[in-house]
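My notes are kept in the order in which I checked things.

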Amino acid sequence: MKYILLSIFSLALFTNCLTTPIPGILVNVTSQHVTADSTGNALTSAKVEKSGKSCSFSFLLANYLFFGAGHSIDDAAKSANIKKIAVIDRESLSILTGLFYRECVVVWGE
């Protein structure tokens with residue numbers, strides 16, 4: 001019985017539901033940037049003049065229960081007073097396979 005409980009605890013502690021394009025064990029920093037659709041056309045006609053960021057974070061076992069506020073395109077646009085969105089980027093940071101995790105939406109526009 002001890003080994004079953006230890007196995008379940010180990011799976012819960014060493015795996016998480018947070019995903020990144022390239023998994024890392026110690027530190028993982030990723031950034032995805034979209035400038036055009038699959039045919040090469042620009043996403044919008046807006047100019048890239050300023051940027052706004054909205055982030056959410058989680059840590060330790062709270063990864064399974066709470067992911068924090070933020071991480072919204074609307075919040076990111078409002079933080080920089082962007083009226084017309086040109087590009088939306090995504091950034092993530094994971095330390096020790098999810099011990100600390102931060103994910104941000106970065107909005108560029110005018």
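The entries below concern a predicted model, and they go from the sheet to a single loop residue.

Entry on the sheet. I looked up the strand order and found an open sheet of four strands, arranged E1-E3-E4-E2 with antiparallel pairing. Strand E1 (27–33) and strand E2 (50–59) each have a single partner strand and stand at the edges, so one side of each is left without a neighbour in the sheet. I also noted the twist, which averages 15 degrees from one strand to the next.

Entry on the pairings. I followed E1 against E3 and found antiparallel pairing over seven bridges; within this pair, Thr30 has Ser92 in E3 as its bridge partner, and Ser31 stands opposite Glu91 in E3. On turning to E3 and strand E4 (residues 100–109), I found antiparallel pairing over ten bridges, with Phe100 in E4 as the bridge partner of Ile95.

Entry on the loop. Where does Asn81 lie? I located Asn81 in the loop between helix H2 (73–79) and strand E3 (85–95). I then looked at the backbone of Asn81 and noted a phi near 55 degrees, a positive value in a residue other than glycine. I set this beside the general rule that most residues other than glycine have a negative phi.

Key:
Residues numbered from 1 in each chain as written. Predicted model: local features only at pLDDT ≥ 70, side-chain atom pairs only at ≥ 80, totals over all residues. Heavy atoms only, no water. Helix = DSSP H or I, 4+ residues; strand = E, 2+ residues; numbered from the N terminus. Pairing = 2+ DSSP bridges. Axes fitted to C-alpha atoms, helices over the stretch in contact; angles between N-to-C directions.
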